[in-house]
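Me: Please take a close look at one part of this model. Keep it brisk.

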Amino acid sequence: MLVKNTTKKTLLAKNARLCKTILSKSLGLMFSKKIRPLVFVFDKEKIIPLHMFFVFYPIDVLFLNKNKLVVEMKKSFRPFSFYTPKNKSMFVIELPDGTINRTKSGIGDKIEF
């Protein structure tokens, strides 16, 4: 699945996997050798805390509201750490480290997948 920043007209990911089930959301990138971009879909907007237990490389994370607008970002989210966003989101996108800077993605950008 393609993930695009339509505001900046940039491609964020080519081969993203959709995570809708409890199992796929729980596993995420744990124990994986390299990143495969993930798009997490939740049933409503809420604070979605993340952890990096058993993820062995840093990643970039975008938090999107129900309109798929970026409401928060976490660059270089480090292995074995926690992050609790300040804003509610309905979608979370996990991307390779450096993607946010490379694509100049920012708060308010519209993301499509």
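In which loop is Ser105 found, and what surrounds this residue?

Reply: This is a predicted model, where local features need pLDDT of at least 70, side-chain atom pairs count only at pLDDT 80 or more, and totals for chains, interfaces and linings use all residues. Residues are numbered from 1 along each chain as its sequence is written, and side-chain values use heavy atoms, with hydrogens and water left out.

Ser105 is found in the loop between α2 (99-103) and β10 (111-112). Helices (H or I, at least four residues) and strands (E, at least two) are DSSP runs, numbered from the N terminus. Ser105 is buried, at a relative accessible area of 7%. Buried means under 20%, exposed over 50%, and partly exposed in between (1.4 Å probe, protein chains only).

Now the neighbours. Leaving aside residues up to four places away in sequence, Ser105 touches Asn5, Lys8, Leu12, Met73 and Ile100. Contact here means heavy atoms within 4.5 Å. With Asn5 there is also a side-chain polar contact of 3.1 Å. Such a contact is a pair of N or O atoms within 3.5 Å; within protein, one must be able to donate a hydrogen and the other to accept it, and residues adjacent in sequence count only if both atoms are side-chain atoms.

For contrast, take Phe82. Phe82 lies in strand β8 (residues 82-83). Its relative accessible area is 61%, so Phe82 counts as exposed, whereas Ser105 is buried.
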